[in-house]
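I opened this notebook to keep track of what I looked up in the structure, one topic to an entry. The sequence and the model come first, and my notes follow.

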Amino acid sequence: MTDRVNDEKTAAIASLREFLRISEERGEVQVVSGADPDKEMGALYELSLDHLYPPVLLFKDMKGCAPDCRVIMNVRTSKMMVGELNLDTVRAYRAGKDQRKVDPIPPRVVEAGPVMENVMTGDAVDLRRFPQPVWHEEDGGVYLGTECIVVVKDPDSDWINVGTYRTQVHDKRIVTVFTEPGKHADVIRRKYWARGEACPVVICFGQPPVLGSVARVGYGQGVSELAIAGGQIGRAIDVIAGPRTGLPIPADAEIAIEGVMVSPDVETRPEGPFGEWPGYYASGRREEPVTRVEAIYYRNDPIVIGQPPVRPTQPGRQTHIAGAAAIWDALEAAGVPGVVGVWKPSAAGTRFCNVIAIKQMHAGHAKMAGLVACGCSAAAFLGRMTIVVDDDIDITNQAEVMWALATRWDPKTQTDIIDGGWSGYLDPVVSPEKREKGDMTNSRIIIYAVRPWHWKDDFPKVNAVSRDYADEVRRKWRGRLKFLDE
Ligand SMILES: Cc1cc2nc3c(=O)[nH]c(=O)nc-3n(C[C@H](O)[C@H](O)[C@H](O)COP(=O)(O)O)c2cc1C
Ligand SMILES: [Mn+2]
């Protein structure tokens, strides 16, 4: 990337309004006026994903909405934001992350910020003032929080966690936050409940894009996503201490609420169904503990980020570069040698399938890579399939991976099946019986689609033109043969 693009990207991820300004300048914004929050916005969003880099959608004057409110979609998916979707980008991400790991920058507490331009407290608290989208046809309610950030503090330490968990609006002052068991906000809120207390919380429904990026990555317990975000933009995230909770509120958040998540023994509401990223309404409708909203802060002309999950088969449902990088990091940290790439085939929704390419170095090497990749925390949640392939496979090409499976994998001898992996409510194959028992686990397959080490030299040779020779021939004939340029 050139410096100019880098500077622009840093400015854009550091501030949602800068992101909008820069995207407008680059001609990447499509303004949509007069759309209906009842399913129509969700449908338009889904149609935008026919493009690998979908346009930034800016909804204005939505039907039945206060005219000052806007909804922005496709914030993290433009070319400027994600770059090329290839292994070099994963490598670059890892290199950058190593630097940032050395230098996380804790947030800086400031006295004031735009988020405090408007304040609602007490009886004035009314979430219905903001857009109320029903994103999918079968959704059981209104979700203001799709790519929101949920901020909670560990009661036993200074750890402040920031995660993205969908947030349904039930009425003026009640929302539910859906966190899969084991996610950090869930671990933390249970600690409060075990002591008979409610868990203080801040939720933002529009925030600097960098906060959305870090809030979706499964960093370890105790890791401050706010400090990682600071590291990523090279300066501290400015936060205001919440007047009620003391929790950090990003100073330029668009809309933030303060409240408490009460224990399920105190009050629950039915949550869902909600269309989820695997392409189903798998988590159905359950009772979830409520969050009581005590205050709302919002900027003038607030912009809500809308990023409803949809089926991952369209081009615009991109792979997850940071997720692949995290697995690659884990493999290296565990001492697995010879890893040449990690990739998440986008059609598998970025969690269900991980592909590892290795340059085999000894007997049992592929097994080591497969077991670590299958078990590491970056892949553990929902990671149903781990596929290990040789280094000659272009793992970013789903056809090449399928070819490796079809031709180098003997199911009987090159497979491990493991039971009891970390799954969740939105995994469609978890049976009703298991859900009933709260057994949110699934089984895993590790597929070693590699040439078996002990007879690899006798494995039939590949008959495709080698990449180097293909490049040479392409150079020689380019310009004379139209199909080479297409
Ligand atoms: C747009 C979006 C929506 C998400 N919705 C949920 C959700 O509703 N519940 C959930 O448990 N995880 C959800 N996730 C995944 C979590 O954000 C992710 O697992 C993250 O690591 C959670 O933070 P934590 O590791 O601090 O718990 C969502 C991610 C994204 C990008
Ligand atoms: Mn976390």
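What covers the buried residues of α6? I began with how to read the model: it is a predicted one, in which local features need pLDDT of at least 70 and side-chain atom pairs count only at pLDDT 80 or more, while totals for chains, interfaces and linings use all residues. Residues are numbered from 1 along each chain as its sequence is written, and chains are lettered from A and ligands numbered from 1 in the order in which they are written.

**Entry: helix α6**

I found that the cover over the buried residues of α6 includes β7 (149–153), β8, β10 (174–177), β11 (199–204) and β14 (255–261). The buried residues themselves are His184, Ala185, Ile188, Arg189 and Tyr192; here a residue is buried if 20 or more other C-beta atoms lie within 10 Å of its own, exposed if 12 or fewer, and partly exposed in between. Seen down the axis, these buried residues fall within an arc of 120 degrees, so they line one face of α6, the arc being that of the directions from the helix axis to the C-beta atoms.

**Entry: ligand 1**

I then listed the shell around ligand 1, which holds 18 residues, with Gly163, Thr164, Arg166, Glu180 and His184 coming nearest; a residue is near a molecule if its C-beta atom, placed from the backbone, lies within 6 Å of it. The elements that give two or more residues to this shell are β8 (160–163) and α6 (184–194).

**Entry: domains**

I read the domain bounds, which come from an automatic or database domain assignment, as domain 1 (3–305) and domain 2 (321–469). Their centres, taken over C-alpha atoms, are separated by 31 Å, and 20 residues of domain 1 are in contact with 21 residues of domain 2. On the domain 1 side, helix α5 (residues 87–102) gives the largest share, six residues, and the classes on that side are 10 nonpolar, six polar and four charged.

**Entry: cores**

I found 75 residues in the largest nonpolar core, where Val150, Ile203, Cys204, Ile255, Ala256 and Val304 have the most contacts inside it; such a core is a set of buried Ala, Val, Leu, Ile, Met, Phe, Trp, Tyr and Cys residues joined through C-beta atoms within 7 Å. Leaving out residues up to four places away in sequence, Ile203 touches Gly145, Cys148, Val150, Thr167, Ala256 and Ile257. A second, separate core of 37 residues includes Ile327, Trp343, Val355 and Ile393.

I looked next at α3 (residues 40–48), whose buried residues are Met41, Gly42 and Tyr45. They cover an arc of only 100 degrees around the axis, which puts them on the same side of α3, and what covers them includes β2 (56–60) and β3 (70–73). Lys39, in the loop between β1 (29–33) and α3, has a positive phi of about 75 degrees although it is not a glycine, and counts as partly exposed because it has 16 C-beta neighbours inside 10 Å. Leu49 sits in the loop between α3 and β2 and is partly exposed, with 19 other C-beta atoms within 10 Å.

**Entry: other backbone features**

I recorded a cis peptide bond joining Gly272 and Pro273, with omega about -5 degrees; Pro273 lies in the loop between β15 (268–271) and β16 (286–298).

Notes
Helices (H or I, at least four residues) and strands (E, at least two) are DSSP runs, numbered from the N terminus. Two residues are in contact if their C-beta atoms, placed from the backbone, lie within 7 Å. Ala, Val, Leu, Ile, Met, Phe, Trp, Tyr, Cys and Pro count as nonpolar, Asp, Glu, Lys and Arg as charged, and the others, Gly among them, as polar.
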